[in-house]
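Work through the exercises below with the sequence and the 3D structure open. Try each task before reading its solution.

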Amino acid sequence: MHHETTACSRNTGLVSSELYFWHDTLSWCGFFEPSLTVQPGEHFENPETKRRLQNLVQATGLWDHLTILKPAPAPDDVITMVHPQTHIDHLADICGRGGGDAGILTPAGRASLDIARLAVGGVTRAVDAVLAGEIDNAYVLCRPPGHHALPEMAMGFCLLANAALGVRHAQKNHGLRKIATVDWDVHHGNGTEAIFLDDSSVLTISLHQDSLFPPESGGIDMKGAEGTNLNVPLPPGSGSGAYRAAFEKIVMPALEAFEPEMIVIPCGFDACALDPLGVQMLSSEDFRWMTRQLVALADRHCRGRIVATHEGGYSATYVPYCGLAVLEELSGVSDPLPDPFHEHIKNYGGHDLTGDQNTAIDHARKAYFG
Ligand code: ZN
C-alpha cells in the first residue's frame, strides 16, 4: 500500500512529536475515575488513536511528501493570550502532585502541562509556517485536545485552548484581522465559543451532535454580541446528507460572507460512524469532502491558509482513515488510499438527509442569517 508515486499539489505541514503520545490520562476508564463501580481501565482519550493515524500516514508514504514540523513548548506569555496565569499555576500544581482531575472530566498526568505547552507550541509553529509561506497549510497531530478548555477551566479532556491560541497568535504576532474556526468535532466547541463570543474579528462555527457535551451548550441562539458565533446542532444519527446540507446551506455561506484571512479547523473525528462517544454517521469520505470545501474556499479567500488542530475521535481503528483523508485533501494528493471501512459504513444506511435533520439545519440558518 506504499504510495511510491504520491504527488501533492500543495505543501502541507504536519506538526508531530512523540511526546504528544506521552500525555497520560491515568487509569480512568472511558471517562470515569476508578471507583468501587468502575474498574480502572483506559481513558477514551489515549495515545493509540493518534499514534495509529501517524503510523498510517507513514505506512502509506504520504509522510514523505509532508513537511514535518517540530513543536517547541509555548511559554507563559503565549498561553496568557487566552488563559490567566492562575490557570497555568493550577495545572502546574495538579501535575506537580502527580496528576489528577485538572478541571471537569480532564485527567492530567505528571508531564501533562509540559505536553499541553507543546500542543500550543505546535499550533503556533504551524501558524508561523503557513503565514511565512513556508507551507500552504498544516495539520497539528497534537494531544491533549483543546476546544473545550475555557480560559479559567480545564474541561472535557482539554487543558489549554490550542486552536484559540493559534488564532490569537496569528492576530497578535502576524497582524491578521479576521480568522474563522470551523469545528466539526462531534462535541460542541464551547471553549472556542466562549473565548471569541463577543469578538467580531473571529467567526466561530461549530457543527456538533445536539446536546451531547457540554450539556445545554451549543444552541442556535448563542450568536455573540456581533453575530459571529454559529452553532449547528445536528440530531443524533446525522450522516453524510446532514453534514453536506449543513455545509452548503450555512457553513459555506457564513464563511463566504465573513471573508476570513485564515481558517483554523478544530478537527475531531468523533462524528465518525465507529466512535464510542458519539452516534453520528460520518465516514472518511465525508471528512474528505468537508476538507475539500474548506480548501477551495481558502483558495478563494485567504491564499489557501488552513491550520487544522487534532481534537477528539476515539475509534482507534477508524480515526486513522478519517485523518488520512483530511491530510490527503489538504495536500492535494493524487492517489488517495481506498478506505477499507467505507463499504461497511455505507451499508449502515441512514446517510441521507432526513426531514428532522433538514429542519434543524434550517433553524440554525434562520437564527444566524435572520
Ligand atoms: Zn469531541
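**Exercise 1.** How many residues has helix H3, and how far does H3 reach from its first C-alpha to its last?

This is a predicted model, in which local features need pLDDT of at least 70 and side-chain atom pairs count only at pLDDT 80 or more, while totals for chains, interfaces and linings use all residues. Residues are numbered from 1 along each chain as its sequence is written, and side-chain values use heavy atoms, with hydrogens and water left out.

Step 1. Helices (H or I, at least four residues) and strands (E, at least two) are DSSP runs, numbered from the N terminus.
Step 2. H3 covers residues 85-96, which gives 12 residues.
Step 3. The expected span is 1.5 Å times one less than the number of residues. H3 reaches 16 Å, close to the expected 16 Å.

**Exercise 2.** Which residues of H3 are buried, and which are exposed?

Step 1. Buried means under 20% relative accessible area, exposed over 50%, and partly exposed in between (1.4 Å probe, protein chains only).
Step 2. His87, Ile88, Leu91, Ile94 and Cys95 of H3 are buried. They lie on the same side of H3, because they cover an arc of only 125° around the axis, taken from the directions from the helix axis to the C-beta atoms.
Step 3. Thr86 and Gly96, on the other side of H3, are exposed.
Step 4. An α-helix has 3.6 residues a turn, so residues three or four places apart point the same way.
Step 5. The partners of the buried residues of H3 include helix H2 (76-79) and helix H4 (112-131).

**Exercise 3.** At what angle do the axes of helix H8 and helix H9 cross?

Step 1. Axes are lines fitted to C-alpha atoms, for helices over the stretch in contact (heavy atoms within 4.5 Å). Angles run from 0 to 180 degrees between N-to-C directions.
Step 2. The axes of H8 (residues 284-301) and H9 (residues 319-331) cross at roughly 25° and come within 8 Å.
Step 3. Angles under 35 degrees count as roughly parallel, over 145 as roughly antiparallel, 65 to 115 as roughly perpendicular and the rest as oblique. H8 and H9 are therefore roughly parallel to each other.
Step 4. Among the residues that meet are Phe287 and Val295 in H8, and Tyr321 and Ala325 in H9.

**Exercise 4.** At what angle do the axes of helix H1 and H9 cross?

Step 1. The axes of H1 (residues 47-60) and H9 come within 8 Å and cross at roughly 55°.
Step 2. This angle makes H1 oblique to H9.
Step 3. The residues that meet include Leu53 and Leu56 in H1, and Leu324 and Leu327 in H9.
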